Amino acid sequence: ASKKHWRDNILFVTSRHWVMRSDPELLTENLKDPLPTDVISVDANPTFANVEAYLELIAGKSYSGIIALGGGSVIDVAKILKSFLIPSQGTTRSCDIEPPNNIKTNSNIDLIAIPTTAGTGSEVTSFATLWDIQNQQKVSIESAQLTPEYVILDPSLLRTLDGPNLIFPFIDSVSHALESLWNHNRNPISEIYAAES
């Protein structure tokens, strides 16, 4: 991806479903050199407590990059984990995520997002969403540095979707396109993409 030493140590973030199917191993086997990868499996609708547990798993470790393979929940968690990491130094602070809004980060770790569903758009935004169970609400966290540096769009990853895993993301993507068309912040370029979508 970049001139950084991407093969040194990679954090692989994916869904529990993909881990059960052994797809992380299949992915690394198809690369030229095996990646020494730590794998975190993410459940749908992650909470602040979930992320704190993931941070405990990687405490004291350092990574040269993060690969996120999955839907919006996976990519959102990978974004937040990235904000806690600095190459060669591991986690930058204790697990103290709090519900309001912004994460200030000086992380310069590259994140590659590989979406396996349509609809969330998390791979191209500076937002990450977590569930605040105590207050029964979704919380959006924003930082320009949360936007992935690289995105791989592989339509073949959508072929195994069926039932709710196909219908709900499809409806989500149509809703985003329609919302973009009537949003007062729309512009001529966003209108073209929304209409094409």
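This is a predicted model: local features need pLDDT of at least 70, side-chain atom pairs count only at pLDDT 80 or more; totals for chains, interfaces and linings use all residues.

Guide: One term before we start: a residue is buried under 20% relative accessible area, exposed over 50%, and partly exposed in between.

A search of the whole structure turns up four salt bridges. Aspartate 43 sits in one of them: its partner is arginine 16, and the closest N and O atoms are 2.8 Å apart. That pair ties together distant parts of the chain, with arginine 16 in helix H1 and aspartate 43 in the loop between strand E2 and helix H3, 27 residues apart. Arginine 16 is partly exposed as well, at 39%.

Next up is lysine 61, which bridges to aspartate 38 with the closest N and O atoms 3.3 Å apart. Here too distant parts of the chain are linked: lysine 61 is in the loop between H3 and strand E3, aspartate 38 is in strand E2, and 23 residues separate them. Lysine 61 comes out partly exposed at 33%, and aspartate 38 does so at 26%.

Then there's arginine 186 with glutamate 191, N to O at 3.1 Å. Arginine 186 is partly exposed at 39%, and glutamate 191 is partly exposed at 32%.

For contrast, look at lysine 79 in helix H4. Lysine 79 is buried yet has no salt bridge, because aspartate 76, the nearest side chain of opposite charge, is 4.2 Å away and the cut-off is 4 Å. Instead, the lysine 79 side chain reaches backbone oxygens: that of serine 122 at 2.6 Å and that of threonine 125 at 2.9 Å.

How values were computed. Residues are numbered from 1 along each chain as its sequence is written. Side-chain values use heavy atoms; hydrogens and water are left out. Helices (H or I, at least four residues) and strands (E, at least two) are DSSP runs, numbered from the N terminus. Buried means under 20% relative accessible area, exposed over 50%, partly exposed in between (1.4 Å probe, protein chains only). Lys and Arg count as positive and Asp and Glu as negative; His and the chain ends are not counted. A polar contact is a pair of N or O atoms within 3.5 Å; within protein, one must be able to donate a hydrogen and the other to accept it, and residues adjacent in sequence count only if both atoms are side-chain atoms.
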